[in-house]
Amino acid sequence: MRERNVTRADLAQALNAKLRFTKTESLKLIDHVFSELTDALKNSKEVKIPFFGVFFARMKKERIGRNPKTMEAHKISARKVVGFRVSRLMKERVNMYVQKKIKP
């Protein structure tokens, strides 16, 4: 069975438990961090978070796509997309956790 996703409320609860912020302060802090991240990406800046990874925005060109059911062609407009590259250290941490979990 798959575990549930970590939500904004879960992050706020963790801030509350570890740093003793109130729930309201925690939610405001999380919202502010995401707002700053979004603003930077809107301006095509990279957001580097050490030991975690890099968020980046890039433009995708206009292209022709097809409806797989009808094979009808549609124009997909140019747009900005967000990408993420995980850091080497984060990969190692996750893989170390997975390896420990798998071993008997």
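User: How are helices and strands defined here, and how many of each are there in the protein?

Analyst: Helices (H or I, at least four residues) and strands (E, at least two) are DSSP runs, numbered from the N terminus. By that rule the protein has 3 helices and 5 strands, and from the N terminus on the elements run α-α-β-β-β-β-β-α. This is a predicted model, in which local features need pLDDT of at least 70 and side-chain atom pairs count only at pLDDT 80 or more, while totals for chains, interfaces and linings use all residues. Residues are numbered from 1 along each chain as its sequence is written, and side-chain values use heavy atoms, with hydrogens and water left out.

User: What does the radius of gyration say about the protein?

Analyst: The radius of gyration is taken over C-alpha atoms, and the globule rule is 2.2 Å times the number of residues to the power 0.38. A compact globule of 104 residues would have a value near 13 Å, but the protein has 19 Å. Along its principal axes, the C-alpha trace spans about 55 × 40 × 25 Å.

User: Is S87 buried or exposed, and which residues is S87 in contact with?

Analyst: Buried means under 20% relative accessible area, exposed over 50%, and partly exposed in between (1.4 Å probe, protein chains only). S87, found in the loop between β5 (79-86) and α3 (88-102), counts as buried because its relative accessible area is 16%. Contact means heavy atoms within 4.5 Å; leaving aside neighbours within four places in sequence, S87 is in contact with F51, F52 and G53. By contrast, F34 in helix α2 (residues 23-42) is partly exposed, at 41% relative accessibility.

User: How is a pair of aromatic rings described, and how many aromatic pairs does the structure hold?

Analyst: A pair of aromatic rings is described by the distance of the centres and the angle of the planes. Rings of Phe, Tyr and Trp (its six-membered ring) pair if their centres lie within 6.5 Å, and planes under 30 degrees apart count as stacked, over 60 as edge-to-face and the rest as tilted. The structure holds 3 aromatic pairs. One of them, F55 and F84, is tilted, with 4.7 Å centre to centre and 50° between the planes. This pair links distant parts of the chain, since F55 lies in strand β2 (residues 53-60) and F84 in strand β5, 29 residues apart. F55 is buried, with a relative accessible area of 18%, whereas F84 is partly exposed, with 36%. F52, F55 and F84 form one aromatic cluster.
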